[in-house]
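Try each task yourself before reading its solution.

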Amino acid sequence: MPAREIRVEQVMNPEVLTVTPGTTIMDALRQMAEKHVGSIVVMKNKKLMGIFTERDLLYKVVLAGKNPEQTPVSEVMTRNVVSIAPDRSVEWAMNKMAHGNFRHLLVADNGDDIHGIISIKDVAQALRLQLIAGRRPSEEQD
C-alpha cells in the first residue's frame, strides 16, 4: 500500500452501537441520537442480523407510516449488511459506498468479526486529509 494511502482501520469508529431485533425503532433512535450516529447494528446472540440506518427510518418507517414506539427494529432493518476489511483503503470504501448507495459500512473480518463502522463522513474527512498531505509532502508524517 502506498505511504499516503489511508486505511479504513485508521478512520473507522471502533464503537459500534448494537440493539437486539426486538428493540423498538424509537429506542434505537434514542441511542443513535445520544451518540450522534446515523446507524445501529442489530445483533442476536452475538450474531449479526442487520443494520438500521437513517435511510431505513425515512423510507421504511416515516413514509410507510409505521409507529416507531411499537415497531421492532427487525421489521425495518437492512438485512444484507455490506462490510469492508479493516486493511482496505478509504478509496476502496468510497467506491463500495458509491456503487452500493451506502452511507455506512461495517468494518469486519470474516463476516461476524466486527471491528468498527465507517461512514461516508469518515471517508470524506480521510480523503480530505490525504489530499492535503499530497499537496504538502514535507508535512507528511510516517
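## Exercise 1: a charged network

Asp 27, Arg 30 and Glu 69 are linked in a network of salt bridges (a salt bridge being a side-chain nitrogen of Lys or Arg within 4 Å of a carboxyl oxygen of Asp or Glu). Before going on, note that this is a predicted model, where local features need pLDDT of at least 70, side-chain atom pairs count only at pLDDT 80 or more, and totals for chains, interfaces and linings use all residues. Residues are numbered from 1 along each chain as its sequence is written, and side-chain values use heavy atoms, with hydrogens and water left out.

**Task.** Work out how far apart the closest N and O atoms of Arg 30 and Asp 27 are, and where the two residues sit in helix α2.

**Solution.** 
- Step 1: take the distance. The closest N and O atoms of Arg 30 and Asp 27 are 2.9 Å apart, and the pair forms a salt bridge.
- Step 2: (Helices are DSSP runs of H or I with at least four residues, strands are runs of E with at least two, and numbering starts at the N terminus.)
- Step 3: (Buried means under 20% relative accessible area, exposed over 50%, and partly exposed in between, with a 1.4 Å probe and protein chains only.)

## Exercise 2: a salt bridge across the chain

**Task.** Find which residue forms a salt bridge with Glu 15, then say which parts of the chain the pair links.

**Solution.** 
- Step 1: the partner is Lys 35, with the closest N and O atoms 3.4 Å apart.
- Step 2: this pair links distant parts of the chain, since Glu 15 is in the loop between α1 (8-11) and β1, while Lys 35 is in helix α2 (residues 25-35), 20 residues away.
- Step 3: Glu 15 has 45% relative accessibility, so it counts as partly exposed. Lys 35 is partly exposed as well, at 39%.

## Exercise 3: Asp 56, buried or exposed?

**Task.** Decide whether Asp 56 is buried or exposed, and list what its side chain meets.

**Solution.** 
- Step 1: Asp 56 is placed in helix α3. At 4% relative accessibility, it counts as buried.
- Step 2: its side chain meets that of Lys 60 in a salt bridge of 3.2 Å, N to O. Both residues lie in helix α3, 4 residues apart, about one turn of the helix. Lys 60 is partly exposed, at 32%.
- Step 3: a polar contact of 2.9 Å joins the side chains of Asp 56 and Thr 78. (That's a pair of N or O atoms within 3.5 Å; within protein, one must be able to donate a hydrogen and the other to accept it, and residues adjacent in sequence count only if both atoms are side-chain atoms.)
- Step 4: setting aside neighbours within four places in sequence, Asp 56 is in contact with Ile 51, Val 61, Val 76, Met 77 and Thr 78 (contact means heavy atoms within 4.5 Å).
- Step 5: now compare Tyr 59, also found in helix α3 (residues 54-62). At 52% relative accessibility, Tyr 59 counts as exposed.

## Exercise 4: reading the sheet

**Task.** Sketch the order of the open sheet of 3 strands, then trace how β2 and β3 pair.

**Solution.** 
- Step 1: the order is β1-β2-β3, with mixed pairing. The edge strands, each pairing on one side only, are β1 (18-19) and β3 (47-53). (Two strands pair if DSSP finds at least two bridges between them.)
- Step 2: strand β2 (residues 39-44) runs antiparallel to β3 over 6 bridges. Ile 40 has Phe 52 as its bridge partner in β3, and Val 42 has Gly 50.
- Step 3: the β2-β3 hairpin has 2 residues between its strands, and Asn 45 takes a positive phi near 50° there.
- Step 4: 5 of the 7 residues of β3 are buried, so this strand is largely enclosed by the rest of the structure.
- Step 5: for another pairing, look at strand β4 (residues 83-84), which pairs with β5 in the parallel sense over 2 bridges. Ser 83 stands opposite Leu 106 in β5.
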